[in-house]
Amino acid sequence: MAYTITHLIIGYRLLDAAKPENPDDFLLGSIIPDAVHTRANYCREMKAESHFMPPQLGWGTLKTMENTDIWLSSIRERYMETVSACGGETDFLRGILVHILTDVFNAKTVMRGLMQAHPELDYSIVAREQGALDAFLYR
């Protein structure tokens, strides 16, 4: 999936189109789903939960378009539930949605494309390359 700097760049580039009242909240939302990595007891289930992934899929199971479609359906449902629970849409929630949809797009295009073109690659190698891209963008 995309890393922090990639998410921030995408969030920043969407500021003009999204026109948030609170740009800082929007940008914070664009990185907050990955904050689960900082938890002492971090596990993949936490990441799946923070990204509105349905439990039957689990994190790292997006090797088929069908699974990605199931994830998108779950995102729609969970996002609307969250908006309702918060009393309406906020810039922070919109930022979270941008983060999650960025990861969906990344899974459907970048990750799946690399894994299909180079089936010999281990997922961890592809993920490491994405981290290197993020570090490059940080400079």
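# Cores, Contacts and Salt Bridges in a Predicted Model

Mentor: The largest nonpolar core has 16 residues, and those with the most contacts inside it are Met53, Trp59, Trp71, Ile75 and Ile100. H5 and H6 are the elements that give two or more residues to this core. This is a predicted model, in which local features need pLDDT of at least 70 and side-chain atom pairs count only at pLDDT 80 or more, while totals for chains, interfaces and linings use all residues. Residues are numbered from 1 along each chain as its sequence is written, and side-chain values use heavy atoms, with hydrogens and water left out.

Trainee: Which residues does isoleucine 75 touch?

Mentor: Contact means heavy atoms within 4.5 Å. Not counting residues up to four places away in sequence, isoleucine 75 touches His51, Phe52, Leu97, Ile100, Leu101 and Val104.

Trainee: Is histidine 7 buried or exposed?

Mentor: Histidine 7 counts as buried because its relative accessible area is 1%. Its place is in helix H1 (residues 4-13); helices (H or I, at least four residues) and strands (E, at least two) are DSSP runs, numbered from the N terminus. Beyond four places in sequence, histidine 7 touches Ala2, Ser30, Ile31, Asp34, His99, Thr102 and Asp103. Histidine 99, in helix H6, is likewise buried, at 0% relative accessibility. With neighbours within four places left aside, the contacts of histidine 99 are His7, Gly29, Ser30, Ile31, Pro33, Asp34 and His51.

Trainee: How many salt bridges are there?

Mentor: A salt bridge is a side-chain nitrogen of Lys or Arg within 4 Å of a carboxyl oxygen of Asp or Glu. By this rule there are 3 salt bridges. One of them joins lysine 47 and aspartate 34 (3.2 Å, N to O). This pair links distant parts of the chain, 13 residues apart: lysine 47 is in helix H4 (residues 44-50), and aspartate 34 is in the loop between helix H3 (23-29) and H4. Both lysine 47 and aspartate 34 are buried.

Trainee: Where do arginine 78 and glutamate 49 lie?

Mentor: The side chains of arginine 78 and glutamate 49 meet in a salt bridge (2.8 Å, N to O). Arginine 78 lies in helix H5 (residues 65-85) and glutamate 49 in helix H4, 29 residues apart, so that the pair links distant parts of the chain. Glutamate 49 counts as partly exposed because its relative accessible area is 46%.

Trainee: How far apart are the closest N and O atoms of aspartate 91 and arginine 94?

Mentor: In this salt bridge the closest N and O atoms are 3.1 Å apart. Aspartate 91 and arginine 94 both lie in helix H6 (residues 91-117), 3 residues apart, about one turn of the helix. Aspartate 91 is buried, with a relative accessible area of 10%, whereas arginine 94 is partly exposed, at 23%.

Methods
Buried means under 20% relative accessible area, exposed over 50%, partly exposed in between (1.4 Å probe, protein chains only). A nonpolar core is a set of buried Ala, Val, Leu, Ile, Met, Phe, Trp, Tyr and Cys residues joined through side-chain atoms within 4.5 Å.
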